[in-house]
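Subject: Structure handover

Hello,

Here is the structure for you to look through. Please open it alongside this message.

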Amino acid sequence: MFERFTKDARAVVQGAVEHAERARAGSVDAEHLLLALLDREAGRASFALAALGLAERGDAVREALGEARRRAGLSQADAEALAGLGIDVSEIVARVEEAHGVGAMSGDRKDKGWSGRRSFGRGAKETLEKALRIAVARRDRHIGDEHILLALTVRPGVSGEVLADHGVTYESVVRVLYGGGEAKAG
């Protein structure tokens with residue numbers, strides 16, 4: 001599958017690995033792919049994110065992803081569902097962090113001995129598989145960074161929720177990239 005990735009898509013995957021390494025995460029996940037997309041200044045996905053105003057709100061997206069990581073990766077929808085059962089996730093996070101330090105539930109490694117390659121977690125694997133399906137459905141012969149962005153918008157979870165909260169949906173990205181809007185990526 002990776003032989004079909006464009007240079008920009010490969011850069012996003014490499015950037016995601018670097019984000020996971022900096023965070024000392026056990027594996028690369030969908031959130032790392034989104035962070036890598038936000039870092040990029042070239043490519044179709046960057047064009048779409050800029051056209052949708054996310055380039056100026058990148059810090060807010062990073063902050064929302066950080067808050068989700070503090071909640072052990074639970075999306076806001078997950079936290080609201082648990083609240084419906086009488087479970088206050090923010091209270092649990094506060095108590096765990098009081099006892100074990102800020103970010104204790106993030107799953108990030110605190111040891112310095114981790115070396116080697118980061119594996120890809122389920123979220124990242126599913127995102128890349130979905131990117132392939134989107135490219136095939138669009139009859140594209142390659143998998144570009146725009147396909148990764150589109151995959152993130154349709155996958156349930158933190159990344160899709162954060163993107164939607166900032167006005168980036170599958171429909172809005174398709175409109176910017178493929179027409180039906182004022183801007184169109186070439």
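Below is what was found in it, from the overall fold down to single residues.

**Ground rules**

This is a predicted model: local features need pLDDT of at least 70, side-chain atom pairs count only at pLDDT 80 or more, and totals for chains, interfaces and linings use all residues. Residues are numbered from 1 along each chain as its sequence is written, and side-chain values use heavy atoms, with hydrogens and water left out.

**Overall fold**

The protein has 10 helices and two strands. Both are DSSP runs, numbered from the N terminus: helices are H or I with at least four residues, strands are E with at least two. In sequence order the pattern reads α-β-α-α-α-α-α-β-α-α-α-α.

Of the 186 residues, 42% are buried. Buried means under 20% relative accessible area, exposed means over 50%, and partly exposed lies in between (1.4 Å probe, protein chains only). The protein exposes about 10,100 Å², and carbon and sulfur atoms supply 49% of that. These areas come from the Shrake-Rupley method with a 1.4 Å probe; for residues, only the protein chains shown count as cover.

Now the contacts, meaning heavy atoms within 4.5 Å. Take those between residues at least 6 apart in sequence: 65% join residues at least 24 apart.

**The core**

In soluble globular proteins, nonpolar side chains tend to be buried together. Here the largest nonpolar core has 42 residues. Such a core is a set of buried Ala, Val, Leu, Ile, Met, Phe, Trp, Tyr and Cys residues joined through side-chain atoms within 4.5 Å. Leu37, Ile148, Leu149, Leu152 and Val173 touch the most other members. The elements giving two or more residues to this core are α1 (7-22), α2 (30-39), α3 (44-51), α4 (58-70), α7 (122-137), α8 (145-154), α9 (158-165) and α10 (170-178). The largest share, seven residues, comes from α2.

Look at Leu149. Leaving aside neighbours within four places in sequence, Leu149 is in contact with Leu37, Ala45, Ala48, Leu49, Leu163 and Val173.

α8 is largely enclosed by the rest of the structure, because nine of its 10 residues are buried. Those are Asp145, Glu146, His147, Ile148, Leu149, Leu150, Ala151, Leu152 and Thr153. They pack against α1, α2, α3, α7, α9 and α10.

α9 is mostly covered too, with six of its eight residues buried. The six are Val158, Ser159, Gly160, Glu161, Val162 and Leu163. Their packing partners are α2, α4, α5 (76-84) and α8.

**How α1 meets α2**

α1 and α2 pack at an angle of about 115°, with their axes 8 Å apart. Axes are lines fitted to C-alpha atoms, for helices over the stretch in contact, and angles run from 0 to 180 degrees between N-to-C directions. From α1, the contact uses Val12, Val13, Gly15, Ala16, His19, Ala20 and Arg22; from α2, it uses His32, Leu33, Leu35, Ala36, Leu37 and Asp39. By class, that is eight nonpolar, three polar and two charged residues. Ala, Val, Leu, Ile, Met, Phe, Trp, Tyr, Cys and Pro count as nonpolar, Asp, Glu, Lys and Arg as charged, and the others, Gly among them, as polar.

**Backbone points to check**

Most residues other than glycine have a negative phi. Two arginines are worth a look here.

- Arg24 has a positive phi, near 55°. Arg24 sits in the loop between α1 and β1 (27-28). At 30% relative accessibility, Arg24 is partly exposed.
- Arg139 has a positive phi, near 65°. Arg139 lies in the loop between α7 and α8. Arg139 is exposed, with a relative accessible area of 77%.

**Two last residues**

Is His166 buried or exposed? His166 counts as buried, at 15% relative accessibility. The residue is in the loop between α9 and α10. Leaving aside neighbours within four places in sequence, His166 is in contact with Leu54, Arg57, Ala60 and Val61. His166 and Leu54 are 112 residues apart in sequence, yet 7.1 Å apart in space, C-alpha to C-alpha.

Asp59, in helix α4, counts as exposed at 61% relative accessibility. Asp59 and Leu38 are 21 residues apart along the chain, and their C-alpha atoms are separated by 9.4 Å.

Best wishes
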